[in-house]
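Me: Hi! I'd like to go through this structure with you, one bit at a time. Can I start with how the helices pack?

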Amino acid sequence: MANSQTSIKIDNRYIQAVFGQFDSNIRKIEKAFNISYVYRGDSLIIEGEEKQVQAAERVIKDLLIISHKEKEISEQNVDYSIKLASEGTDLKASDLEDDSELICHTLAGRPIRPKTFGQKKYIEAIDNNMIIFAAGPAGTGKTYLAMAKAITAFKKGEVERIILTRPAIEAGEKLGFLPGDLQSKIDPYLRPLYDALYEIMGAESFQKNMEKGLIEVAPLAYMRGRTLDNSFIVLDEAQNTTQSQMKMFLTRIGFGSKAIITGDQSQKDLAAGTVSGLDTALKVVRDIEGIAICNLTSKDVVRHPLVQKIVEAYERYDLSHGNNHGSRDGKNTYKKNK
C-alpha cells in the first residue's frame, strides 16, 4: 500500500511535552503505528501507511490538547491515546483531562480523576445511584476511585462517616495464627484500604477521624446486625463474600447512605465449591431501581502497561480453556436502573 505523509505544526513550547523525555512518547507512537517522523522548524512530518499515519496524527493532536491545557502528559495518557486511536473510536484521552472530571487531590497535591472512559462511567454511576457494583480486573481503579469519592463526600458533609470493609480471607495461602490483639490480626487484610486513605487523606487526619468513630475500617463480619445510616460504605474484594454475607451486607444500608461494592471475579479465594456472593448479587439485583452495575475491563487498567498485558493474557488463557468467570463481556458497560 502506498505511503502517505502529513505535517503537524507544533509550537516549540509544547514539543518537549509531546515528544516526552528522551523522545519516549514519539518513539512509542512510531513503534505502535510503524511510521517514521522528522521535526523541522515548527512542523512534525509523519510518513507511513495512510491509516497508520492518520492514527498517529490523531494521537499527536490529542497529546497537544493535553499540553495546551497545561497538564502533564503521563505514560498512561500516551498509552491510552494510542489504544483509542488504534480502535478507531472518536474518544480522546484529552477529554478526561478537563477540570470538570476532577474528584479530589491527594495529600501531595496530585489530582485524582478518571483516566479511562470506563472509569468515567463508573464515577457517573456513583454520582447517580445509591448502590454501585464495580466488577473488573486488578488495576482498573475500582477501590481507589471509590475511596476518593467516599473521602470527598465526607469532607463536603454529604455523609457523616465512612465505613470500609472487606472479607478477611487469605489470598491462597495459610498465614497461621497472627500475633497481637484483634486489631493487629485484621489489619493485614485491610492494608490496601489504609494505603488509599493515607495517600488521599493523610495519616494524621485519618487517625483523628478514626478515633472519633467517623471512619471505620473493619472486616465484613462486623457489619452483621447493624443499620448504616448517613454513611459512605465501600465493600472491597466482594468476590470473596459468600451469598449469605453479601445479602447481609446489602440489607445493612440505611437512609442517606451510599454503598460501593467492588470485586474481581477472576480472583476468588473462596473454598472450592463455594458460590461467590458477588456473582449471585449481580444476577439478583440488576433490575432494581437505584442500583448500578459497572463492568470495567482490561482497557481500563491504569497501572504499568505490563499489568494490562498480563490481564489480557490471562483473559485469553481463560477463554481458550473454557474458564468463564461471568464478569466481563469484553466491553465497558454501565447499567443504570430506572
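Me: What is the handedness of the crossing of H5 and H6?
Reply: Right-handed, for the crossing of H5 with H6. Keep in mind that this is a predicted model.

Me: Okay, and at what angle do H5 and H6 pack?
Reply: The angle is about 40 degrees, and the axes lie 11 Å apart. H5 covers residues 117-128, while H6 covers residues 142-155. The two helices are therefore oblique to each other.

Me: Which residues make that contact?
Reply: From H5 you have Gln119, Tyr122, Ile123, Ile126 and Asp127. H6 brings Lys142, Leu145, Ala146 and Lys149. Sorted by class, this contact of H5 with H6 has five nonpolar residues, one polar and three charged.

Me: Nice. Switching to H2 and H4, how are their axes placed?
Reply: H2 is residues 24-33 and H4 is residues 75-87. The angle between them is about 25 degrees, with 11 Å between the axes. Angles under 35 degrees count as roughly parallel, so H2 is roughly parallel to H4.

Me: Is that crossing left-handed or right-handed?
Reply: H2 and H4 cross in a right-handed way.

Me: And which residues of H2 and H4 meet?
Reply: On the H2 side they are Asn25, Lys28, Ile29, Ala32 and Phe33. On the H4 side they are Glu75, Val78, Asp79, Ile82, Ala85 and Ser86. That contact divides into six nonpolar, two polar and three charged residues.

Me: What about H3, how does that helix pack on H4?
Reply: H3, residues 50-68, packs with H4 at about 140 degrees, and their axes are 9 Å apart. Only angles over 145 degrees count as roughly antiparallel, so H3 is oblique to H4. The crossing of H3 and H4 is right-handed.

Me: Which residues are in that one?
Reply: H3 uses Ala55, Arg58, Val59, Asp62, Leu63 and Ile66. They meet Asn77, Val78, Ser81, Ile82, Leu84 and Ala85 of H4. By class, the contact of H3 with H4 has eight nonpolar, two polar and two charged residues. Val78, Ile82 and Ala85 of H4 are among the residues that meet H3, and they are also among those that meet H2.

Me: How many of the lining residues are charged?
Reply: Eight are charged, alongside three nonpolar and three polar ones.

Me: What lines the largest cavity?
Reply: The lining is Gln76, Asn77, Tyr80, Ala93, Leu96, Glu97, Arg113, Pro114 and Lys115. These divide into four nonpolar, two polar and three charged residues.

Definitions and conventions. Residues are numbered from 1 along each chain as its sequence is written. This is a predicted model: local features need pLDDT of at least 70, side-chain atom pairs count only at pLDDT 80 or more; totals for chains, interfaces and linings use all residues. Side-chain values use heavy atoms; hydrogens and water are left out. On a 1 Å grid over the protein atoms alone, a cavity is a set of points where a 1.4 Å probe fits but cannot get out, and a pocket is an open set with protein on both sides within 12 Å along at least five of seven lines; lining residues have an atom within 4 Å of a point. Ala, Val, Leu, Ile, Met, Phe, Trp, Tyr, Cys and Pro count as nonpolar, Asp, Glu, Lys and Arg as charged, and the others, Gly among them, as polar. Axes are lines fitted to C-alpha atoms, for helices over the stretch in contact, and angles run from 0 to 180 degrees between N-to-C directions. Helices (H or I, at least four residues) and strands (E, at least two) are DSSP runs, numbered from the N terminus. Angles under 35 degrees count as roughly parallel, over 145 as roughly antiparallel, 65 to 115 as roughly perpendicular and the rest as oblique. A crossing is left-handed if the near helix is turned anticlockwise from the far one by less than a right angle, and right-handed if clockwise. Contact means heavy atoms within 4.5 Å.
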